[in-house]
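Good morning, everyone. Today I would like to go through one protein chain, from its overall layout to a few single residues. Please keep the sequence and the structure in view as I speak.

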Amino acid sequence: MSISTKRGDEGTTGLWSGERVRKDDLRVEAYGTIDELNSILGECRHFCTLPGSVELLEKIQLDLIRVCGELATASGEARKTMAPCDSEALTAEVNRYEEDIKLSGFVIPGSTLSSAKLDVARTVCRRAERRIVTLADSVSVGAPLRQYMNRLSDLLFMMARAEEKAEGKLRYSRPKQETKMESASTLPKC
């Protein structure tokens with residue numbers, strides 16, 4: 001059986017639950033962005049250097065397949081694949097990283113190749129979360145799925161910082177201290 005069915009030639013696609021919808025449907029936008037994130041995480045696995053990172057990313061990729069399955073189901077009883085324990089597991093990982101990395105300001109992203117890849121994944125994760133929030137305005141999206149996506153971007157942020165810390169390249173943005181004269185001035189001159 002070929003993956004090229006030609007059924008999408010007119011701009012529609014099939015959902016997991018069998019319905020056909022336009023390819024720019026909010027549901028397709030949401031799970032399409034998750035698919036993009038999953039592909040980027042596959043790339044991240046080839047660049048991460050810390051023990052356990054590859055395995056954690058692969059587990060997340062498997063979770064994202066479940067997220068796509070839930071988002072791609074429209075009819076009848078919504079297929080809820082994500083559970084509170086999924087976001088709790090991510091929260092535990094974030095906490096583990098935070099114990100080791102004491103953040104002290106705004107981070108400049110991408111100080112290493114591996115952290116740059118993870119930061120791109122984090123921003124795509126945030127976009128996916130925004131697509132899911134928009135979708136949830138019109139259809140039911142389970143709270144565990146929404147919570148999972150929110151925690152995932154936090155975890156990807158901390159994984160990137162761990163990669164930087166391991167190479168001694170964690171960098172912070174230090175805003176310039178305002179003087180009284182600067183704070184009283186209007187917009188800066190060009």
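Predicted model: local features only at pLDDT ≥ 70, side-chain atom pairs only at ≥ 80, totals over all residues.

Residues are numbered from 1 along each chain as its sequence is written, and side-chain values use heavy atoms, with hydrogens and water left out.

The chain has six helices and four strands; these are DSSP runs numbered from the N terminus, helices being H or I with at least four residues and strands E with at least two. Starting at the N terminus, their order is β-β-α-α-α-β-α-α-β-α. Of the 190 residues in the chain, 37% are buried, where buried means under 20% relative accessible area, exposed over 50%, and partly exposed in between, with a 1.4 Å probe and protein chains only.

Next, the core. A nonpolar core is a set of buried Ala, Val, Leu, Ile, Met, Phe, Trp, Tyr and Cys residues joined through side-chain atoms within 4.5 Å. The largest one here holds 42 residues, and L37, I60, L64, L71, M149, L152 and L156 touch the most other members. Two or more residues each come from α1 (26–45), α2 (53–71), α3 (84–100), α4 (113–136) and α5 (143–166). The largest share, ten residues, comes from α5.

How do α3 and α5 cross? Their axes come within 8 Å and cross at roughly 25 degrees; axes are lines fitted to C-alpha atoms, for helices over the stretch in contact, and angles run from 0 to 180 degrees between N-to-C directions. The two helices are therefore roughly parallel to each other, since angles under 35 degrees count as roughly parallel, over 145 as roughly antiparallel, 65 to 115 as roughly perpendicular and the rest as oblique.

Finally, two residues of helix α2. S53 touches C48, Y97, M159 and E163, leaving aside residues up to four places away in sequence; contact means heavy atoms within 4.5 Å. E70 also has its place in helix α2, and E70 is buried, with a relative accessible area of 6%. Under the same exclusion of residues up to four places away in sequence, E70 touches R27, R79, K80, T81, M82, G142 and L145.
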